[in-house]
Structure formats: C-alpha cells, structure tokens
Amino acid sequence: MRILQLTAHFRPNVGGVETHLDDLVKALMSRDFSIAVLTYRPLHTNAQWKMHEKGKNLEIVRIPWIPNLFYQLVKLPALEFIYLLPGLFLVTPIFLLIRNIDVIHSHGLVAGFVGVFWGRIFGKRVIVTTHSIYHFPKEGLYRNFAKWIFESADKSLGLSKQAVAEIETLGISKEKIDNFTYWVDFNLFKKVANAKKVLGGRDKFIVLFVGRLVEEKGIIELLQSAKTWNKEITLVIIGSGPLEEKVLEATSSYGNIKFAGSLQQEELPNFYSASDIL
C-alpha cells in the first residue's frame, strides 16, 4: 500500500508535528508501507533542504515556497490558510496522476482541505489528522468549512480527547472520529548517566523548557518568573520561534537563564536527564 503524507510542515523544519511525522513515516516503512511525502520547504527553520529525496519505500517532495511568514500569520487564520494553500493544492493532483497512491493522509486543516478535495476527484481514501485545537465558532463560514472537511474524510484523527470532542461538536459521526497518541522513542529518550556533570550543571537545580518560542507555550510567563527565582536555580530554554529575541534579552540580563537554541532530537536526552523540572 502506498500512502501519501500531505503536510505543510516536515523535516528539516523543526517542531512537534515534524517530529511526530518523522516517527510515523519510519514506523509505517518498518511495516512495509510505501510512503510519499508532499510538503513545503522549511517555512520557519533555517536549514538546508532538498526539493526531492527518494529512497527505499520513501519519496519526499518539498515545494519551494516563501519562508518566514508562518509565525507572522499564526493569529490570522484566514491569511495563514491562503498562504499555505496554493502550493499543496496545485501540486497534489499532479502527484496523484504520476504516483500510484492508495491513501491520502492529510495533517491540519489546509492539507485536510486539499486531501478531501482531490481525494474525491481521484477516488482515494482520505484520513485527516489534527495536531492542535481550533476553537471553532458556533456558526459561520469557518465552522461550515471545517465541517465539510471532516465529513468528506473517511476518518478523522485528533491528537487528544479534547481534539476529538471539538470535531464532534461540528456534528461529525463518532464512528468517523478517533484519537491517536504521540509516542516516545525509548531507544533515544532514556536516562543519560552523569548528564548534569556533562552539561556543567553539577549540583545546580535545572528547570528545562523545550518547544516553540511562542506566547501560547507560556514562555513569557516563564521568563518573568525566572527573574524572581533564587539565582541557584537555572532555567534552560531549547527551541526557536518569534520570541527568540525576548529570550536572548533575558539571558543577557540574568545569569541563571540559558538559551541553547534549536537542537536535534539526539541531543535532547542529555538535557532531559540533567533537568529537575520540565
């Protein structure tokens, strides 16, 4: 079976969705599925990227697109949708024509719309997965549009019970909805001996933040509280995002706030092992 993973975000872009999809693709390949990924170039991560990659049971096509607009449009859903839609919408039918795809697995509302629209025309089964909470209004165009996407999909998956409940409020049949669980690779994420010593912390009490540097993650409140802590308590921040400048300002003013930047997954176990609170 050949599955098309349709998503606006994929490696080497950095983020939780990207990490999950990387794990998902590897898991499906290990079960002898053939995977194609259609995505954009990195939109908010400065990284080297290739337009086309192909290996055994995996093909990745990255559409060249305008970078560094994603975070600016996060609070403007309509503009963000318009920004992310055209490339996936125009390239998907071409991809379906030249590749023997059995199932379209779309991630997010933009890719969800593209998947169900072209899936209906090409007669493909479609799964739509959400990776966030959308706060659908009680009425209006946005709500009706989202309802059409989930109704048109063969199956909709939410990342939590709350996400599933949100889709159900649109009037979608419960039989068409399920939730999935983000998993952890215990071969990678395991206790690292003497991690505090390796990181130079030794006996220091370490508070760790790992994630996108955006208001929704609570990074502003965390920085404000860290300024009032006992100076023996060290805050270590890992990630990237629009609030990076505020993090750097805090590190220059307070010696107990450290910024490690954006790290690869393989580097994170050292920090998790060294920290006392996450």
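The crossing of helices α3 and α4 is right-handed, a crossing being right-handed if the near helix is turned clockwise from the far one by less than a right angle, and left-handed if anticlockwise. The contact (heavy atoms within 4.5 Å) is made by F81, L84, L85, L88, F89, T92, P93, L96 and L97 of α3 and by L109, V110, A111, F113, V114, F117, W118 and F122 of α4. These residues divide into 16 nonpolar, one polar and no charged; Ala, Val, Leu, Ile, Met, Phe, Trp, Tyr, Cys and Pro count as nonpolar, Asp, Glu, Lys and Arg as charged, and the others, Gly among them, as polar. The axes of α3 (residues 77–98) and α4 come within 9 Å and cross at roughly 30°. That makes α3 roughly parallel to α4, a term for angles under 35 degrees. Axes are lines fitted to C-alpha atoms, for helices over the stretch in contact, with angles running from 0 to 180 degrees between N-to-C directions.

The model is predicted, with local features needing pLDDT of at least 70 and side-chain atom pairs counting only at pLDDT 80 or more, while totals for chains, interfaces and linings use all residues. Residues are numbered from 1 along each chain as its sequence is written, and side-chain values use heavy atoms, leaving out hydrogens and water. Helices (H or I, at least four residues) and strands (E, at least two) are DSSP runs, numbered from the N terminus.

Helix α4 is mostly covered, with eleven of its 15 residues buried (under 20% relative accessible area, with a 1.4 Å probe and protein chains only). The buried residues of α4 pack against β1 (2–7), α3, β5, β6 and α5. At 1.5 Å a residue, the 15 residues of α4 should span 21 Å, and its end C-alpha atoms are 20 Å apart, which agrees; the expected span is 1.5 Å times one less than the number of residues. Just after α4, G123 takes a positive phi of about 70°.

In α5 (residues 141–152), the twelve residues should span 16 Å, and the end C-alpha atoms are 16 Å apart, which agrees. The buried residues of α5 are R143, A146, I149, F150 and S152. Their cover includes α4 (108–122), β6 (125–129), β7 (155–158) and α6 (161–168).

I101 lies in the loop between α3 and β5 (103–107). I101 is buried, with a relative accessible area of 1%. Leaving aside neighbours within four places in sequence, I101 is in contact with R2, L4, A36, F95, L96 and K124. The C-alpha atoms of I101 and S34, 67 residues apart along the chain, are separated by 9.2 Å.

Methods: Buried means under 20% relative accessible area, exposed over 50%, partly exposed in between (1.4 Å probe, protein chains only). Angles under 35 degrees count as roughly parallel, over 145 as roughly antiparallel, 65 to 115 as roughly perpendicular and the rest as oblique.
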